[in-house]
Structure formats: C-alpha cells, structure tokens
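Here are my notes from going through the model. Keep the structure open while you read, and check the points against it as you go.

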Amino acid sequence: MMCRIGAIKSKNPVQPSMALRLMLPQQEGHDNSGFAMVMQDLYGVFGLYKDKPLLSMACTQQGGHLVEEYMDAHRFVKMSEWLPVPDKRKGLNIQTMPYYIFRTYDYPEYVTDPDEREALLLDTRLALRQMLTETGQGYIYSFWPDVLTLKEVGDPMDIATYFHLWDDNGCLVAKNIIVQSRQNTNYEIIRYAAHPFFLQGYTLCANGENTFYTKNKEFQSSLFRGYIGFESDSQTFLYTLHYVLHELKWPIPYYKHVITPLPFSEIEHREDKDVLLSIRQSLAHLEINGPNTIIAGLPDGRMMTCCDSKKLRPVVVGGDENTVAIASEVCGINEILPDRDTSKDIYPDEREIVVIDNDLEVKRWKQ
C-alpha cells in the first residue's frame, strides 16, 4: 500500500481543514492508522511568538511535570500555551494521550548567539525525548521557533474531529502545512514513526520505501547527534537533507545528486564531473533506492519535492496566485484549488527537484 502525502504553501494563513481536504480524496491511499502535520509560519494563537521556540508534545500528567521541571531547571521561561480541548464524543477511532501541550518559551538569558540557540533547542529536545521515553510518559515532536507538530494514531478524520481541526476556529493557522494521513505501517506503529519528521527547521514526509535504509542508518548514526530514532526508513531522507543543506551547506540541487546519483556513464560527459564523482565516492552510503517521493519544508519557509530515480511514486504540484499545493494525487489539489489553471500543474520527473519559494514562484532544477 502506498502512503499519501501533501503540503500547502500559501500567501495567506490557512487552517488545518484545508490540508485535511487535500488528503481526503486520496482516502484509498491510507489505512486509518494515523494522522500527522507540521505547521510552519504560524498565526492564530502563536502569531505573536514567532521568534520563540514552540514545544509540541503529547504526554501523561507525570510527563508534563517532568518537562516543566526540566525546563525550569534549564532556565527556559514559559511565554504562552495552547492546550486543545478535545471533542471526546463516543465512537472516535483514536488512541489518545492524556495531554497535548503546545507551549512557547523564551530562551535562557545566557544564550544569545543564534548558533548556540539552535544547538540548545536540539539538545533540549533530545534530552526531553530521552527522559519521556525512559519513563514511558510521552512524546516530544518538535521544539523550534514558529513550528508546531501534531501526531496521533487512529482515523485521520476522527483525529481531526477530536482536535476540532474541522472547526476553522482560528487557533491553529499557518502559511505552510505538511501532512500525511497514514502512520508508519512497515514497522511497529509508534508516534515517532509517523511522518512528517522534523529536525532543526527541516520537515520531511515520504511516500514509498528506501531499500538502502540500513546502509543509510549505519552511516548517518555517526554523522550528527540529532540523527536518532530511525523508527521509519523514511527518516533517513530527512537526515540526508539536513546533512547536505545544514551541515555541508551545499545548494539544494546537490541533495538530488546525493540520494539518486547519476550513472557513471552520464557523469563522464558532464562539466561538473569531478564534483559529482567525489559526491558518489564520499557519500555513497547516503544513496537511496526503491520507490519513493518526498515533500520537504526548509527553515526559510521554502518547500520542495522530488522522486526516486525511476519515478515509481506519483507527485503533482499545482496552484494559483495565493496558494500552491503538493500532493500524491491531483484529485487532492482539485479539491482545494478547483479554479486553478491545470495546464500549469507540474508532474516532477525522476531527474529534478521542484522548489516553491516564499513568493510562490516554482523553480525546477534538473540533475
């Protein structure tokens, strides 16, 4: 069974219900095992705190106390909080946690350097995750400025009902939303395995599988302290994206050259032959294989999508002057943007990366 993935990037803040409507026509592509979304560039209840890190978690009462004690001890100052009041009607297919907490903090006063702050947020999330995992008291999904993550196990439509995501009540709105309506069913169903995955401003979800998962995982485990968990083979896509763009600071097109390198016979005739050969040599363990498509969000708000080297999973990009959407199937985009010019829809091929910038301009980079 294929997953279904989707993303919306808009000039105007949109509600989660639009992302749900993007996914609903693709219903046959998921199995009511879960729903997750990452919202970036937030408005609504978090619109005034864009420069403050936002903690997204699901936990028990004890887990909530453990987190508060940790944050107090490390001199984070609580700024604001949104606790969803759930719709607990009978018959909903959802495996709930006792508490869902979305909380903004101010940085400890002793940390002012941007790089130090970035490192502190990562280390804090890793420490909280380890603490909650060891005690069995909850899950930390993201801790980053202007980013909110919600993950839950169950029927996506029921999950949306439970969190009042259909209500368009203005609490959660954002200009960027990346979503998947299916849990990770190749492995054990746990919340951390649900796409989208997040790391230091990078968000990624995937449709498909990576048969080079073990090779990727073993290499990545030694590259960076944030490359942990590996509950899903698709997490390796995120870690490679982060490594190429954040750690190596290479331009976006090189991500494609790393994950799906060109055949040697083609590289031989390229002007950039030396660069591409050295990538194949030094980062061979980050190559991926198997049918897959990814959608990713970058720290600066841009979105991107690309496919495997044989284009064995579908993806389409379509939009109008205010909104661009990416989806596994065009029926999803038809649902939310029925009046767009469909002749401008893009079906990315196996040799390109498509990037949507913050002016909604769509750029295509060929390998």
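This is a predicted model: local features need pLDDT of at least 70, side-chain atom pairs count only at pLDDT 80 or more; totals for chains, interfaces and linings use all residues.

1. Salt bridges. The count comes to 20 salt bridges.

2. Arg75 and Glu109. These two form a salt bridge, with the closest N and O atoms 2.3 Å apart. Arg75 sits in the loop between α2 (61–73) and β4 (77–82), while Glu109 belongs to the loop between β5 (99–106) and α3 (114–135), so the pair ties together parts that are 34 residues apart in sequence. As for accessibility, Arg75 is partly exposed, at a relative accessible area of 42%, and Glu109 is exposed, at 54%.

3. Lys52 and Asp51. Here the closest N and O atoms of the salt bridge are 3.9 Å apart, and the cut-off is within 4 Å. Is Lys52 buried or exposed? Its relative accessibility is 16%, so Lys52 counts as buried, given that buried means under 20%.

4. Asp300 and Arg302. The side chains of this pair meet in a salt bridge at 2.9 Å, N to O. Asp300 has a relative accessible area of 42%, which makes it partly exposed, and Arg302 at 25% also counts as partly exposed.

5. Which way do strands β13 and β14 pair, parallel or antiparallel? The sense is antiparallel, over four bridges, with β13 covering residues 316–319 and β14 covering residues 323–327. If you want a place to start looking, Val316 has Ala327 of β14 as its bridge partner.

6. The largest cavity. There are four cavities of 30 Å³ or more, and the largest has a volume of about 150 Å³. Its lining consists of 17 residues, with Arg125, Arg129, Tyr141, Phe198 and Gln235 nearest the centre. At least two lining residues come from each of α3, β6 (138–145), β7 (147–153), β9 (197–199) and α6 (235–247). By class, the lining of this largest cavity divides into ten nonpolar, three polar and four charged residues.

7. The second largest cavity. This one holds about 60 Å³ of space. Residues lining the second largest cavity include Gln15, Pro16, Trp82, Phe163 and His164, and also Leu165, Asp168, Asn169, Cys171 and Leu172. Six of the lining residues are nonpolar, three polar and one charged.

8. The largest pocket. Its volume is about 320 Å³. Of the 22 residues that line the largest pocket, Gln40, Asn176, Pro299, Asp300 and Gly301 lie nearest the centre. Two or more lining residues come from each of β1 (5–14), β2 (34–44), β6 and β8 (172–180), and β1 gives the largest share, at three residues. By class, the pocket lining has six nonpolar, eight polar and eight charged residues. Note that Asp300 turns up here near the pocket centre as well as in the salt bridge with Arg302.

Notes:
Residues are numbered from 1 along each chain as its sequence is written. Side-chain values use heavy atoms; hydrogens and water are left out. Buried means under 20% relative accessible area, exposed over 50%, partly exposed in between (1.4 Å probe, protein chains only). Two strands pair if DSSP finds at least two bridges between them. On a 1 Å grid over the protein atoms alone, a cavity is a set of points where a 1.4 Å probe fits but cannot get out, and a pocket is an open set with protein on both sides within 12 Å along at least five of seven lines; lining residues have an atom within 4 Å of a point. Grid points are joined across faces, edges and corners, and a volume is the space filled by probe spheres set on the points. Ala, Val, Leu, Ile, Met, Phe, Trp, Tyr, Cys and Pro count as nonpolar, Asp, Glu, Lys and Arg as charged, and the others, Gly among them, as polar.
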